[in-house]
Amino acid sequence: MNDRNGWLELLEENPGHSQWYIDRFKKLAEQGADLHGEARLIDAMAGRGAHILDAGCGPGRVGAYLAQAGHDVTGVDLDPTLIAAARTEHPGAQWLVGDLTELDLPGEGFDIIVCAGNVMTFLAPDTRRTVLGQFRKHLRNDGRAVIGFGTDRGYPPEQFLQDAEAAGLTPQLLLSTWDMLPYTDDSDFLVAVLTG
């Protein structure tokens, strides 16, 4: 089992990977691809002006949509290149370079934490519970964490749910897509809505 952060490994193998990732989503947007399914779901779940954490925000695709919808958004990612792109392209939110294992943000917590884009599968396996614990710590009492990732990416859903429970998070709803199709044992994607 690999005990290193998968994103950092990608950057070691290919220092241009972050720019490739940024350019990929720009091209998809230019081609008219729907890049906002995750954000639409979160917006539907959130009261107006909700305090939202975009955990592993990348270049800001999800958080920017939510900020434009009127939410108070903070995005955190460990990749400075992605955060620089988010700050340049989407000035309506707060974008921070940071490690989710060491998350320590001031304030009274978040109404919703969204963690999309397979972020959980990039984490070093021995840090996943730590990150889930940080999410729990940063949620308001009635807040929810919404986490999505491919089920074939080395983090079995059963293990994820065990880790979430160990971190003090309880599944409220399990979906197989960001457009709310139900989760089944043969789903190739999991979107878990968790409460503290």
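1. Apart from its neighbours within four places in sequence, L132 is in contact (heavy atoms within 4.5 Å) with M120, I147, Y155, F160, D163, A164, A167 and L169. L132 belongs to helix 7 (residues 128-138); helices here are DSSP runs of H or I with at least four residues, strands are runs of E with at least two, and both are numbered from the N terminus. L132 is buried, its relative accessible area being 0%, where buried means under 20% relative accessible area, exposed over 50% and partly exposed in between (1.4 Å probe, protein chains only). The C-alpha atoms of L132 and A166 are separated by 8.8 Å, although the two residues lie 34 residues apart along the chain.

2. The basis of these remarks is a predicted model, in which local features need pLDDT of at least 70, side-chain atom pairs count only at pLDDT 80 or more, and totals for chains, interfaces and linings use all residues. Residues are numbered from 1 along each chain as its sequence is written, and side-chain values use heavy atoms, with hydrogens and water left out.

3. On the overall fold, the protein chain has 8 helices and 7 strands. Its radius of gyration (taken over C-alpha atoms) is 16 Å, which agrees with the value near 16 Å for a compact globule of 196 residues; the globule rule is 2.2 Å times the number of residues to the power 0.38. The C-alpha trace spans about 40 × 35 × 35 Å along its principal axes. Buried residues make up 51% of the 196 in the protein chain. Of the contacts with a separation of 6 or more, 64% are between residues 24 or more positions apart.

4. Helix 1 (residues 6-13) packs on helix 2 (residues 17-30) at an angle of about 105°, with the axes 8 Å apart. Helix 1 is therefore roughly perpendicular to helix 2; angles under 35 degrees count as roughly parallel, over 145 as roughly antiparallel, 65 to 115 as roughly perpendicular and the rest as oblique. Axes are lines fitted to C-alpha atoms, for helices over the stretch in contact, and angles run from 0 to 180 degrees between N-to-C directions. W7, L10 and L11 of helix 1 meet H17, S18 and Y21 of helix 2. By class, this contact has 4 nonpolar, 2 polar and no charged residues; Ala, Val, Leu, Ile, Met, Phe, Trp, Tyr, Cys and Pro count as nonpolar, Asp, Glu, Lys and Arg as charged, and the others, Gly among them, as polar.

5. Helix 2 also packs with helix 5 (residues 80-89), at about 35° and with axes 9 Å apart. Helix 2 contributes S18, Q19, Y21, I22 and K26, and helix 5 contributes T81, L82, A85 and E89. The classes in this contact are 4 nonpolar, 3 polar and 2 charged.

6. The axes of helix 3 (residues 37-45) and helix 4 (residues 61-68) come within 8 Å and cross at roughly 40°, which means that helix 3 is oblique to helix 4. This crossing is right-handed. E38, A39, R40, I42 and D43 of helix 3 touch R61, V62, Y65 and L66 of helix 4, a set with 5 nonpolar, no polar and 4 charged residues.

7. Within helix 3, the buried residues are E38, A39, L41, I42, D43 and M45. Their cover includes helix 4, strand 1 (51-55), strand 4 (110-115), strand 5 (139-150), strand 6 (170-175) and strand 7 (189-195).

Notes
Left-handed = near helix turned anticlockwise from the far one by under 90°.
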